[in-house]
Amino acid sequence: MTITINGELLTIKSAILVDVLQNFGAKPPFAVALNGEFIPQSLHASTAINEGDSIELLSPIQGG
């Protein structure tokens, strides 16, 4: 199945969000948007990914 993560096309085997994030190499802390909808961390293990979905990983930025 092919999805997009941060604008990059990626072929995945697992259709569960937490597995996709681990295989992509996502390092906490981060927030996840699936097709523009925020997905809380508590739902990562139960959220299914579908063909053509778009995932955005957002990392906090520190500044001052």
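In β5, Ile55 is the bridge partner of Ile5, and this pair belongs to the contact between strand β1 (residues 2–5) and β5, which run parallel and are joined by two bridges; strands are DSSP runs of E with at least two residues, helices are DSSP runs of H or I with at least four residues, and both are numbered from the N terminus, while two strands are taken to pair if DSSP finds at least two bridges between them. The model is predicted, so that local features need pLDDT of at least 70 and side-chain atom pairs count only at pLDDT 80 or more, whereas totals for chains, interfaces and linings use all residues. Residues are numbered from 1 along each chain as its sequence is written, and side-chain values use heavy atoms, with hydrogens and water left out.

Along its principal axes, the C-alpha trace spans about 40 × 25 × 20 Å.

The five strands form an open sheet of mixed pairing, in the order β2-β1-β5-β3-β4. Because β2 (8–11) and β4 stand at the edges, each with a single partner strand, one side of each is left without a neighbour in the sheet. From one strand to the next the twist averages 30 degrees, where axes are lines fitted to C-alpha atoms, for helices over the stretch in contact, and angles run from 0 to 180 degrees between N-to-C directions. Helix α1 (residues 17–24) lies across β1, β2, β3, β4 and β5 and runs at about 60 degrees to β5, contact meaning heavy atoms within 4.5 Å.

β1 and β2 run antiparallel and are joined by four bridges, with Thr11 in β2 as the bridge partner of Thr2. Their hairpin has two residues between the strands, and Asn6, which is placed in this loop, takes a positive phi near 50 degrees although the residue is not glycine. Strand β3 (residues 31–34) is joined to strand β5 (residues 54–58) by four bridges in the antiparallel sense, and Leu34 stands opposite Ile55 in β5. β3 also pairs with strand β4 (residues 37–39), again antiparallel, over three bridges, and Phe38 in β4 is the bridge partner of Ala33. In the hairpin of β3 and β4, which likewise has two residues between the strands, Asn35 takes a positive phi near 55 degrees. Most residues other than glycine have a negative phi, and most peptide bonds are trans.

The peptide bond from Pro28 to Pro29 is cis, with omega near 0 degrees, and Pro29 is placed in the loop between α1 and β3. Both prolines also belong to the lining of the largest pocket, together with Val18, Leu21, Gln22, Ala26, Phe30, Gln41 and His44. A pocket is defined on a 1 Å grid over the protein atoms alone, as an open set of points where a 1.4 Å probe fits, with protein on both sides within 12 Å along at least five of seven lines, and lining residues have an atom within 4 Å of a point. The volume of this pocket is about 190 Å³, a volume being the space filled by probe spheres set on the points, which are joined across faces, edges and corners. Its lining divides into six nonpolar, three polar and no charged residues, where Ala, Val, Leu, Ile, Met, Phe, Trp, Tyr, Cys and Pro count as nonpolar, Asp, Glu, Lys and Arg as charged, and the others, Gly among them, as polar.
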